[in-house]
Structures are given as structure tokens and as C-alpha cells.
Amino acid sequence: MSEIAHEVAQRRTFAIISHPDAGKTTLTEKLLFFSGAIQMAGTVKGKKGGKFATSDWMEIEKQRGISVASSVMQFDYREHVVNLLDTPGHQDFSEDTYRVLTAVDSALMVIDAAKGVEEQTIKLLNVCRLRNTPIVTFMNKYDREVRDSLELLDEVESILKIRCAPITWPVGMGKTFRGVYHIHKDQVLLFTPGQGPLDEVEVIEGIDNPRLDELFPLEIEQTRMELELVRGASHPFVLDEFLAGTLTPVFFGSAINNFGVREILDSLVDWAPAPGPRDATIRAIDPTEEKFSAFVFKIQANMDPRHRDRIAFLRVCSGRFERGMKFRHLRLNREIAANSVVTFMAQGREQVETAYAGDIIGVPNHGNIQIGDSFSEGEPLSFTGIPYFAPELFRIARIKNPLKIKQLHKGLQQLGEEGAVQVFKPLNGADLILGAVGVLQFEVVASRLANEYGVEAVFESTSIHTARWITCEDARMLADFEKQLVNNLARDAADSLAYLATSRVNLELTQERWPKLVFHATREHA
Ligand code: GDP
């Protein structure tokens with residue numbers, strides 16, 4: 001095996017998807033703890049200090065004194081290199097969240113077992129489905145009164161349309177939570193709150209072991225009954241189905257009590273895929289190819305408030321990145337000398353020495369890099385699948401001081417290119433229209449316009465309900481459409497034509513009237 005192939009085979013790149021409060025932050029911290037990347041004393045208390053904390057990791061950082069300062073964390077586990085990408089999922093749910101999922105090879109879905117499948121989990125899982133991303137499921141909070149476990153599996157199967165293969169099964173819950181039965185190993189792992197990575201979990205061999213009846217007769221009897229039903233109602237774990245994204249292994253536990261965390265890390269290392277080939281338009285790129293390639297899935301501003309730095313996050317797709325190497329920014333057809341490329345470790349930002357497919361590297365960006373940009377050693381690649389989603393929220397951007405109109409346009413142009421918000425220029429009319437999927441995006445944009453561009457903007461509501469990007473093979477028909485519906489059309493930051501619908505009915509009627517046009521709910525980068 002080549003050195004590159006060896007490195008690629010060791011990589012696991014994943015993100016956690018969950019609804020707010022399901023336990024993503026807690027679990028992130030515990031994964032780092034069990035990998036040895038951080039030490040731990042007590043637990044992270046409270047949540048989200050500032051409204052603009054773009055990442056829960058900042059909270060971990062503040063309380064731990066470690067430097068997370070980014071949305072990517074690399075750590076080692078069982079001789080593997082694990083890259084965990086943060087999905088800014090929470091109140092500040094935004095387009096970033098979606099795009100991060102294009103950069104991972106698997107996802108860990110955390111469900112609050114007291115609540116079941118919640119709204120944002122559904123949205124995020126739908127995005128994973130666009131790429132058939134394999135999903136590992138963790139049912140969290142079994143130290144509390146939670147819902148019936150079979151019912152939870154049923155809910156995942158029916159709402160998320162993914163088959164469940166329980167790997168462990170809970171014994172009791174809440175005050176009588178005793179541990180989990182590991183179905184594959186035929187072992188009961190006893191629940192002891194707060195064990196660390198070096199502590200031995202107490203194990204009882206065999207579900208019929210009489211010792212279990214001595215310890216907790218009621219709970220084990222219940223578990224045995226449930227297991228009968230589980231065998232009938234659920235699915236056996238089949239690796240290929242997991243890799244195809246149609247079946248999810250399910251684990252049970254309690255993140256806050258460190259219980260079930262090791263099994264998750266093991267499942268990622270044992271089952272989750274190493275980086276695979278990626279489509280780059282002219283051909284598919286294999287991760288083990290000699291030549292370096294990468295694409296940008298995220299741009300983060302103001303990571304360090306002392307410098308006005310913006311970092312472009314590149315997912316490496318092939319080859320070996322080495323410090324000091326040169327590579328090509330393909331859209332601008334320009335060489336980039338990557339001297340100050342950074343990587344993201346639990347100990348803080350470091351200069352990257354080497355990186356391989358699956359790794360994330362950060363390139364300082366002075367406005368030349370956009371989401372979706374591809375990089376290579378020269379071959380004209382264009383990685384696909386970095387989507388823009390039709391916004392669900394719209395505002396008209398206005399300013400208090402009309403003399404600042406130029407700054408407003410410049411600021412919005414740049415923020416649009418960064419992907420902080422989508423900016424639409426109506427074909428008819430001077431006001432810029434902003435589109436977002438999360439309402440906090442507007443607040444972030446307003447604050448950045450003020451701080452970085454000196455523009456006081458106000459965002460007014462509009463009657464726009466949704467947007468669809470328009471394509472049509474018949475140029476004449478497209479021109480006709482543009483002429484007739486000029487008042488409903490706009491161009492986005494990449495100059496793509498979009499129809500701004502005032503309601504779902506309006507959209508449907510327009511689609512019916514123009515059957516030859518294609519109305520896209522997602523757009524890939526230009
Ligand atoms: P996030 O919003 O998904 O990042 O969720 P957090 O990790 O911040 O957790 C939300 C709340 O649930 C916090 O108060 C946690 O302490 C709590 N929590 C997380 N895991 C568990 C668990 O296993 N059991 C219990 N009882 N609470 C938990």
C-alpha cells in the first residue's frame with residue numbers, strides 16, 4: 001500500500017447532527033475525552049454565552065481553557081485519525097450547517113430519547129441523504145425517564161426513513177438505568193456514571209446470566225422481553241447497507257455520564273468509511289491519487305477578533321498536502337503559496353505539516369476564495385455537490401445613510417460570496433434582497449456590516465415566500481420568461497437567475513404555466 005493509501009485508510013471524517021439540546025456539545029466533549037485529546041474535570045455547564053457564539057465549541061473552549069477556536073477538530077483514536085466537524089446546528093441554524101455535511105464521510109445522529117425525532121434532525125438527515133452519507137445513531141439521556149425504546153426505533157424508521165439495527169439495547173432507564181446489553185457481543189455493560197477512558201467497564205457475559213437476575217431482576221426481565229420484540233421488529237446490522245446510508249446502527253447511553261461513548265468511537269473506526277472518491281466534473285478523484293486536490297465548504301470570519309482574519313476551510317480530497325507547497329485556485333486560475341495554512345487540533349491552531357484526504361485545512365482568505373471553489377496541482381477539477389439551498393426567509397436590505405450605498409453593496413457582495421447569506425439583485429429595482437435559512441443569519445450580517453463595512457443596515461420584511469433557481473435549455477423561452485416575469489426575478493451572487501415566489505401557490509402556478517423551465521430548490525456553486 002502506498003503511504004497515501006495507508007493514511008487515507010486511517011481517516012474518519014464525520015459530523016454530529018442533532019436537534020438543539022439533544023446533547024451534541026456534551027457528546028463532542030466526551031468523544032474528545034475518550035480519545036485522550038482533552039482532560040476533563042467536571043462537565044461543561046450552561047450554554048452559549050454570547051448570541052454570536054458561532055459554535056458550541058467556543059463554550060467548551062472557554063470552560064476548558066483549550067483552544068478549539070474553529071469548527072474542526074482532529075484527534076487520534078485507536079491508530080486512526082478522526083476529523084470531527086462542528087455543525088453550527090442550534091439556534092443559529094444556518095446554511096453553514098448544510099454545507100459542512102458535504103465535507104464529511106459519515107454522521108453521528110444524536111437523539112434525545114425523551115423527545116424522539118425532532119425537527120432539525122429531520123432537516124439535517126435529509127441533507128445527509130443527498131449524498132447517502134452513512135449515519136450512526138446515539139439515543140441519549142437514558143439516565144432520565146425516556147420514551148419506550150422500541151417506539152423510538154419505530155419513529156426513526158418511519159419519519160427518517162432509515163432502517164435501524166440496534167447494536168446495544170438499554171437495561172432500564174432513569175433511576176433504574178442499569179446499563180446496556182451489547183447484542184453483538186452478548187454482554188451486559190453495567191452503567192457506572194462518570195467513568196473515564198481508562199476505567200474498566202464492568203461486564204456480565206450472556207443475557208441469561210443469573211447474576212443479572214440477582215442484580216436487577218425487574219429491569220433484566222423487561223430487557224429480555226424487549227429483545228424478543230427487537231429481533232422481530234428491527235434489522236440486523238449489514239455493513240453495506242450502512243455504507244449505502246439505508247441502515248443505521250443504533251447505540252443507547254448517556255453522554256453526560258460518559259456511558260456509551262466508547263462504543264460510538266469504536267463503531268466509527270470499525271464501520272464508518274474512510275474517504276472515498278469524489279466527483280470533480282471532469283472525472284472522479286480517488287483519495288489515494290498522488291496529486292493534491294481540495295474544495296472549500298465553509299468560510300469563517302473573525303475567528304480571531306484581533307486580526308480580521310477569514311479562514312477558508314478546505315476538505316482535502318486527494319494526495320498529500322505539505323507545508324509550503326503551491327497549489328492552484330482553479331476558478332481564478334491563480335497559484336496559491338500555502339505558507340500559512342493551518343490545521344485544527346485540540347491543542348489549538350497549528351501549522352499544517354501534512355494533510356491527506358478527509359483532513360480539513362484552513363487557508364487565510366482575503367476575499368478571493370468562495371464556497372465551492374476547487375483547488376488542485378493544475379488539473380481543472382470542479383468538485384460538485386456543494387449546494388446552496390433555496391432560502392426560507394427573506395429581507396430587503398436598506399440603509400439609514402444613503403451615502404453608504406456603495407459600502408452596503410460591497411459588504412453584501414462579499415458576505416454573499418462567503419455564504420453568510422444569499423444576496424439577490426432583482427432584475428427590476430434597486431433594493432437588494434437577502435435570503436437565509438436561519439433567522440440568525442440576518443443578525444450576523446447586520447452586525448458584520450456595521451463592524452466591517454461601517455454600514456448601519458435595516459432589514460425589512462418582504463412578501464417573498466421562497467426562491468427557485470431557473471434553468472432552461474430553450475434560450476428563447478428563457479428570454480420570454482425573463483421579460484414577462486421581470487418583477488419576480490433576481491440574480492444571486494453567482495449571477496444565477498432565481499424566481500422569487502410570493503407563495504407556494506404562486507410557485508406552483510408559475511411552474512404549471514412554464515413547463516419547460518426547471519425550477520431548482522438547490523443550486524450547486526457556479
Ligand atoms: P446541544 O444543544 O445538542 O449541544 O446539547 P448539550 O450538550 O448542550 O446538552 C443539552 C442539555 O442536556 C445540557 O443541559 C446537558 O447537560 C444535558 N445532557 C446532555 N447529555 C445528557 C445525558 O446523557 N443525560 C442528561 N440527563 N442530560 C444530558
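# Reading helix 2 and its surroundings

Tutor: Let's start with helix 2, which covers residues 24-35: 12 residues, reaching 16 Å from the first C-alpha to the last. That is close to the 16 Å expected at 1.5 Å a residue. The expected span is 1.5 Å times one less than the number of residues in the helix. One caution: this is a predicted model, in which local features need pLDDT of at least 70 and side-chain atom pairs count only at pLDDT 80 or more, while totals for chains, interfaces and linings use all residues. Residues are numbered from 1 along each chain as its sequence is written.

Student: How many helices and strands are there in the protein?

Tutor: First, what the words cover: helices (H or I, at least four residues) and strands (E, at least two) are DSSP runs, numbered from the N terminus. Here there are 14 helices and 33 strands.

Student: Back to helix 2. Is it mostly covered or mostly open?

Tutor: For this we count neighbours. A residue is buried if 20 or more other C-beta atoms lie within 10 Å of its own, exposed if 12 or fewer, and partly exposed in between, with C-beta atoms placed from the backbone. Helix 2 is mostly covered, with 11 of its 12 residues buried. The buried ones include Leu27, Leu31, Leu32 and Phe34, and also Lys24 and Glu29. For the protein, 46% of the 526 residues count as buried.

Student: And what comes just after helix 2?

Tutor: Glycine 36, which takes a positive phi of about 85°.

Student: Which residues come nearest to the ligand?

Tutor: The idea is a shell: a residue is near a molecule or strand if its C-beta atom, placed from the backbone, lies within 6 Å of it. There are 19 residues around the ligand, and Lys24, Thr25, Thr26, Ser254 and Ile256 come nearest. Helix 2 gives the most to this shell, with 3 residues. Ala, Val, Leu, Ile, Met, Phe, Trp, Tyr, Cys and Pro count as nonpolar, Asp, Glu, Lys and Arg as charged, and the others, Gly among them, as polar.

Student: How do I read two helices that pack together?

Tutor: Two packed helices are described by the angle between their axes and the distance between the axes. Axes are lines fitted to C-alpha atoms, for helices over the stretch in contact, and angles run from 0 to 180 degrees between N-to-C directions. Helix 2 packs with helix 10 (residues 261-270) at an angle of about 75°, and their axes are 10 Å apart.

Student: Why are helix 2 and helix 10 described as roughly perpendicular?

Tutor: Angles under 35 degrees count as roughly parallel, over 145 as roughly antiparallel, 65 to 115 as roughly perpendicular and the rest as oblique. Their angle is about 75°, so helix 2 and helix 10 are roughly perpendicular to each other.

Student: Which residues of the two helices meet?

Tutor: Two residues are in contact if their C-beta atoms, placed from the backbone, lie within 7 Å. Lys30, Leu31, Phe34 and Ser35 in helix 2 meet Val261, Arg262 and Leu265 in helix 10. Sorted by class, this contact has 4 nonpolar, 1 polar and 2 charged residues. An α-helix has 3.6 residues a turn, so residues three or four places apart point the same way.

Student: Let's move to a loop. Where does leucine 427 lie?

Tutor: In the loop between strand 26 (422-426) and strand 27 (432-436). Leucine 427 counts as partly exposed because it has 16 C-beta neighbours inside 10 Å. Leaving out residues up to four places away in sequence, leucine 427 touches Glu482, Val486, Leu489 and Ala490.

Student: What share of contacts comes from residues 24 or more positions apart?

Tutor: They account for 73% of the contacts in the protein with a separation of 6 or more.

Student: What is the phi of asparagine 333?

Tutor: Near 50°, a positive value in a residue other than glycine. Asparagine 333 sits in the loop between strand 17 (326-329) and strand 18 (334-337), and is exposed because 8 other C-beta atoms lie within 10 Å. Aspartate 495 has a positive phi too, near 70°. Its loop runs between strand 30 (489-491) and strand 31 (497-501), and aspartate 495 is exposed, with 8 other C-beta atoms within 10 Å.
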